[in-house]
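Hi there,

I'm passing on the structure we talked about, and it is shown just below. Have it open as you read, and look up each residue as it comes along.

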Amino acid sequence: MQAIDLKPLMEGAVAEVLEAMFFIAPEGDAADETARFEADWICSQLEFTGHPSGSFGISVPPQTAAMIAENFLGDEDSSLTSAQAVEVIGELTNMVCGTLLANLDSSQAFVLSPPRHDGDWFPAVSGDESIFTALSLDEGSIHVWLRIQASI
Amino acid sequence: MAYNVLIVDDSPGMRKVIRKMLGQSGFDTDLCVEAGDGVEALAVLSKERVDIVFTDINMPNMNGEELMERIASTPEYKHLLVLVISTDRSEERMRRLTALGAKGYVTKPFVPRTLGYALTKLTAGCA
């Protein structure tokens with residue numbers, strides 16, 4: 001299986017997590033939004049080891065991060081800090097990656113590194129081992145990438 | 001019956017959500033304390049009388065599996081009921097954690113109803 005074959009699974013994992021714990025339903029492709037990337041976007045990424053191993057990341061505009069964090073924590077806008085929004089995007093990254101890996105192979109255990117927030121919005125890689133997708137949300141968009149290091 | 005609960009997760013946001021869902025599911029808690037990893041959890045357990053531990057797996061310093069090994073090897077913690085809450089739903093992981101004494105498993109993402117059901121099963125016979 002090549003990474004590009006995982007794109008539907010990745011989009012399904014994003015939708016499953018957003019709908020269950022963030023009360024957000026993705027509204028379709030948002031590839032056009034990637035051109036609007038700016039330095040203040042919140043980028044979270046982690047490494048996973050198992051079968052396969054690789055890295056995974058999520059990037060969102062700040063207003064989208066705030067909406068996601070508010071929905072998750074149940075906080076009002078006024079009480080939410082930017083640090084909380086960043087932390088929640090990290091947890092979202094953890095859950096989407098874990099869901100994707102579990103849906104890929106439910107028999108094998110995997111290890112996820114703690115999410116970090118100094119990553120690129122999308123690593124400068126190309127080829128069959130990396131995929132990218134962008135989905136529209138009620139407010140803004142979510143940009144998700146996966147990089148496979150080991151063959152699957 | 002009210003329970004003393006320890007929530008172990010490296011995400012403060014997730015700990016807050018679990019705490020909130022416990023309330024929404026009608027679960028009666030007397031004490032609800034938190035820890036960010038296994039090391040902090042053991043420190044809490046040494047000071048507080050805890051009945052139920054909710055633990056994540058992937059955490060820095062000491063992960064959930066290592067925490068469960070420590071709990072399983074400590075006679076004073078034999079009474080603890082451990083519920084794992086994790087993104088890892090693999091059969092391999094569940095087998096290992098069950099062998100270590102996990103009494104329940106909730107996979108992220110989850111909804112309050114799922115957590116409530118797991119708690120009902122976990123505490124059946126305790127009341």
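Please keep in mind that this is a predicted model.

Let's start in chain B. Helix H2 (residues 38–47) of chain B packs with helix H3 (residues 64–72) of chain B at an angle of about 30°, and their axes are 9 Å apart. Angles under 35 degrees count as roughly parallel, so H2(B) is roughly parallel to H3(B). The crossing of H2(B) past H3(B) is right-handed. On the H2(B) side, Gly38(B), Ala41(B) and Leu42(B) make the contact, and on the H3(B) side it is Gly64(B), Glu66(B), Leu67(B) and Arg70(B). Sorted by class, this contact of H2(B) with H3(B) has three nonpolar, two polar and two charged residues.

Now to chain A. Here helix H2 (residues 62–73) of chain A and helix H3 (residues 82–104) of chain A pack at an angle of about 80°, with axes 9 Å apart. H2(A) and H3(A) are therefore roughly perpendicular to each other. Among the residues making the contact are Ala65(A), Ile68(A) and Phe72(A) from H2(A), and Val88(A), Ile89(A) and Leu92(A) from H3(A). The residues of this contact of H2(A) with H3(A) are ten nonpolar, one polar and no charged.

Which residues touch the most other members of the largest nonpolar core? Of its 76 residues, they are Val14(A), Ile68(A), Ile89(A), Val96(A), Leu6(B), Phe54(B) and Leu83(B). H3(A) gives this core its largest share, ten residues.

Leaving aside neighbours within four places in sequence, Ile89(A) is in contact with Ile42(A), Ser44(A), Ile58(A), Val60(A), Ala65(A) and Ile68(A).

Happy exploring!

Terms used. Residues numbered from 1 in each chain as written. Chains lettered and ligands numbered in written order. Predicted model: local features only at pLDDT ≥ 70, side-chain atom pairs only at ≥ 80, totals over all residues. Axes fitted to C-alpha atoms, helices over the stretch in contact; angles between N-to-C directions. Helix = DSSP H or I, 4+ residues; strand = E, 2+ residues; numbered from the N terminus. Parallel < 35°, antiparallel > 145°, perpendicular 65-115°, else oblique. Contact = placed C-beta atoms within 7 Å. Nonpolar A, V, L, I, M, F, W, Y, C, P; charged D, E, K, R; others polar. Core = buried A, V, L, I, M, F, W, Y, C linked by C-beta atoms within 7 Å. Buried ≥ 20, exposed ≤ 12 C-beta atoms within 10 Å, placed from the backbone. Left-handed = near helix turned anticlockwise from the far one by under 90°.
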